[in-house]
Amino acid sequence: QPLLKTVRYGKTLEYLSSCESTQIIAHQLAQQLVPDGTVVLSEEQTAGRGRMARKWDSAHGKGIWMSIILRPDIPLQRAPQFTLIAAVSVVRAIEEVTGLNPDIKWPNDILLNGKKCTGILTELQSDADGIQALIIGIGLNANQEMEDFSDEVKDIATSLKLKKGSPVSRQELVRSILYYLELYTAIYIDEGFAAIKLMWEGYSTTIGKPVRARMAKETLEGIAESITDEGVLQIRTPDGKLHGIYSADIEMKN
Ligand code: BTN
């Protein structure tokens, strides 16, 4: 705690050695009026979850399994922007602490050499008054060896340690992630999404490329043209139409 570089984020911190999912705990805490920037951190998750009802490998002591409760005063439809703010914050932190240069695949995957080292899951508590809490779950593969990953993800996952060749400090990473998240959220609240979007686009491997977007009911192929100010991905299909994608799995086509 005394080592935090933030003003608010992480000052209220729930640190656990094991839990099912830090998202579940964060959802419970968010209903108890805990402050903006409350953090739940666990050494291990027994039922870590990813997007689209997938499991998230969360081996003990190897990664950063963290959920951050934010209470931004923004309209509901701007919530997806926070996934992008979080992605940019994590990339900056990884660069700063490890010297590695990850990139971002829309909306939330952080990749090293095309393999995923971090996933971000943004969940929402809202009512008629708008957003009550945004729960940003960050799963960062820090010090895993190949054998720490389950067979299903061995081909698509990596860790910072595997890429760098030496262990990385999870403490420094947490500190740095919270620092950038607080900073970029402040910039976003003061100046709007444009500055964040620019940074995000700089790190993105998706924009300008041919992609296949798998959604629940359909699959679209086209060029990933841009993201909107809401954080929605726009894909231009060969018939010239522009489609706004809110949630999908993106595959790069070569
Ligand atoms: C994804 O890429 O599908 C998102 C993965 C998010 C994983 C993190 S780990 C901390 C938090 N708790 C969870 O159960 N999930 C998120």
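A search of the whole structure finds 18 salt bridges, a salt bridge being a side-chain nitrogen of Lys or Arg within 4 Å of a carboxyl oxygen of Asp or Glu. Before I go through some of them, note that this is a predicted model, where local features need pLDDT of at least 70 and side-chain atom pairs count only at pLDDT 80 or more, while totals for chains, interfaces and linings use all residues. Residues are numbered from 1 along each chain as its sequence is written, and side-chain values use heavy atoms, with hydrogens and water left out.

Let me start with the domains. The protein is divided into domain 1 (13-203) and domain 2 (210-252), with bounds that come from an automatic or database domain assignment. The contact takes 14 residues from domain 1 and 13 residues from domain 2; contact here means heavy atoms within 4.5 Å. The C-alpha centres of the two domains lie 23 Å apart. About 1200 Å² is buried between domain 1 and domain 2, and carbon and sulfur atoms give 56% of that. Buried area is the accessible area (1.4 Å probe) that two parts lose on being put together, summed over both.

How many salt bridges are there between domain 1 and domain 2? The count is 3. Helices (H or I, at least four residues) and strands (E, at least two) are DSSP runs, numbered from the N terminus.

Now helix 5, residues 194-203. Its buried residues are Ile196, Lys197, Trp200 and Tyr203. Seen down the axis of helix 5, they fall within an arc of 125 degrees, so they line one face of the helix; the arc is that of the directions from the helix axis to the C-beta atoms. The face turned away from the buried side carries the exposed residues Ala194, Leu198 and Gly202. Buried means under 20% relative accessible area, exposed over 50%, and partly exposed in between (1.4 Å probe, protein chains only). What covers the buried residues of helix 5 includes helix 2 (80-98), strand 4 (103-105), helix 4 (170-191) and strand 9 (219-227).

Lys197 forms a salt bridge with Asp229, with the closest N and O atoms 3.6 Å apart. Lys197 lies in helix 5 and Asp229 in the loop between strand 9 and strand 10 (233-236), so the pair ties together parts that are 32 residues apart in sequence. Lys197 has a relative accessible area of 17%, whereas Asp229 is partly exposed at 45%.

Next, Arg49 and Glu123. Their side chains meet in a salt bridge at 3.1 Å, N to O. Arg49 sits in the loop between strand 2 (38-42) and strand 3 (63-70), and Glu123 in strand 6 (residues 115-127), 74 residues apart. Arg49 also touches Ser21, which is in the loop between strand 1 (13-16) and helix 1 (22-30). Ser21 counts as buried, at 1% relative accessibility.

Last, Glu251 and Arg214, where the closest N and O atoms are 2.7 Å apart. Glu251 is in strand 12 (residues 249-252) and Arg214 in strand 8 (residues 210-214), 37 residues apart. Salt bridges that share partners join Arg212, Arg214, Glu221, Glu251 and Lys253 into one network.

Definitions and conventions: Lists of a residue's contacts leave out its neighbours within four places in sequence.
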